[in-house]
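Please read it alongside the sequence and coordinates shown here.

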Amino acid sequence: RAEGRAATEEAIRLVLSAREEFLQSAFDAIAERYTSLDAYLEDVLGLTPRRRAEIAARLMEAPA
């Protein structure tokens, strides 16, 4: 909408999708720039190993 146009349903689906080739490109770029996903998460996003473990535990919790 920044340009005054509404996004099409197709465009929204593409942006919100998790296509394998998009993910692989992202992981390849992270590995090239930061050497590992762990380094990226900590150095760029500020997520310590402890915080990542906390997030993972919450994501793995069974819904109530």
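**Side-chain contacts and exposure**

Arg51 and Glu54 are both located in helix H4, 3 residues apart, or about one turn of the helix. Salt bridges with shared partners join these two residues and Arg50 into one network. The model is predicted. In total, the structure holds 5 salt bridges, and a search of the whole structure finds 1 aromatic pair.

- Arg51 and Glu54 form a salt bridge in which the closest N and O atoms are 3.1 Å apart.
- Arg51 has 39% relative accessibility and therefore counts as partly exposed.
- Glu54 is also partly exposed, because its relative accessible area is 32%.

- Asp38 and Arg52 meet through their side chains in a salt bridge, at 3.4 Å from N to O.
- This pair links distant parts of the chain, with Asp38 in helix H3 (residues 37-43) and Arg52 in helix H4 (residues 49-60), 14 residues apart.
- Are the two partners buried or exposed? Asp38 has a relative accessible area of 47% and is partly exposed, whereas Arg52, with a relative accessible area of 18%, is buried.
- The value for Arg52 is 18%, and buried means under 20% relative accessible area, so Arg52 falls in the buried class.

**Salt bridge of Arg19 and Glu21**

- A salt bridge joins Glu21 to Arg19, and their closest N and O atoms are 2.5 Å apart.
- Glu21 counts as partly exposed at 40% relative accessibility.
- Arg19 counts as partly exposed at 37% relative accessibility.

**Aromatic pair**

- The whole-structure search finds 1 aromatic pair.
- Tyr34 and Tyr40 make up this pair, which is tilted, with 5.3 Å centre to centre and 55° between the planes.
- The angle is 55°, and planes under 30 degrees apart count as stacked, over 60 as edge-to-face and the rest as tilted, so the pair of Tyr34 and Tyr40 is classed as tilted.
- Tyr34 has 26% relative accessibility and counts as partly exposed.
- Tyr40 has 21% relative accessibility and likewise counts as partly exposed.

**Nonpolar surface patch**

- Which residues form a nonpolar patch on the surface? Ile12, Val15 and Leu16 form the patch, and together they have about 340 Å² of accessible area.
- Leu16 is placed in helix H1 (residues 9-16).
- With 69% relative accessibility, Leu16 counts as exposed.

Key: Residues are numbered from 1 along each chain as its sequence is written. This is a predicted model: local features need pLDDT of at least 70, side-chain atom pairs count only at pLDDT 80 or more; totals for chains, interfaces and linings use all residues. Side-chain values use heavy atoms; hydrogens and water are left out. Rings of Phe, Tyr and Trp (its six-membered ring) pair if their centres lie within 6.5 Å; planes under 30 degrees apart count as stacked, over 60 as edge-to-face and the rest as tilted. Buried means under 20% relative accessible area, exposed over 50%, partly exposed in between (1.4 Å probe, protein chains only). Patches are made of residues with over 30% relative accessible area and no salt bridge: like charges are joined within 9 Å, nonpolar side chains (Val, Leu, Ile, Met, Phe, Trp, Tyr) within 5 Å. Accessible areas come from the Shrake-Rupley method with a 1.4 Å probe; for residues, only the protein chains shown count as cover. A salt bridge is a side-chain nitrogen of Lys or Arg within 4 Å of a carboxyl oxygen of Asp or Glu. Helices (H or I, at least four residues) and strands (E, at least two) are DSSP runs, numbered from the N terminus.
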